[in-house]
Amino acid sequence: MTTFLTIFLVLVGINIALVAFSLISVSQKWKKPSQKSVKQPTSVIYPLDLLTTSYKKAV
């Protein structure tokens, strides 16, 4: 039982460390403005014309 709890606590500690590292790296990336997004051209979004579509009768 003691080995199970030791392994479990080690895995929980590793998990907490990975989550903390992930949150720190995401918050650092979020604060810095990305230069790639400024240089990319905006894409044109065309509206869907759903009212004029006609469906063929399935036989």
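Phe4 lies in helix H1, which spans residues 2–31, helices being DSSP runs of H or I with at least four residues and strands runs of E with at least two, numbered from the N terminus. This is a predicted model, in which local features need pLDDT of at least 70 and side-chain atom pairs count only at pLDDT 80 or more, whereas totals for chains, interfaces and linings use all residues. Residues are numbered from 1 along each chain as its sequence is written, and side-chain values use heavy atoms, with hydrogens and water left out.

**Chain as a whole**
- The protein chain has 2 helices and 0 strands.
- Of its 59 residues, 0% count as buried, that is, under 20% relative accessible area with a 1.4 Å probe and protein chains only, with exposed meaning over 50% and partly exposed in between.
- Carbon and sulfur atoms contribute 70% of an accessible surface of about 6,700 Å².

**Aromatic pair**
- The structure holds 1 aromatic pair, a term for rings of Phe, Tyr and Trp (its six-membered ring) with centres within 6.5 Å.
- Because the ring planes of Phe4 and Phe8 stand at 20 degrees, with centres 6.2 Å apart, the pair is stacked (planes under 30 degrees apart; over 60 is edge-to-face, the rest tilted).
- Phe4 and Phe8 are 4 residues apart in helix H1, and therefore separated by about one helical turn.
- Phe4 counts as exposed because its relative accessibility is 51%, while Phe8, at 45%, counts as partly exposed.

Technical notes. Areas by Shrake-Rupley, 256 points an atom, 1.4 Å probe, with all protein chains shown as cover.
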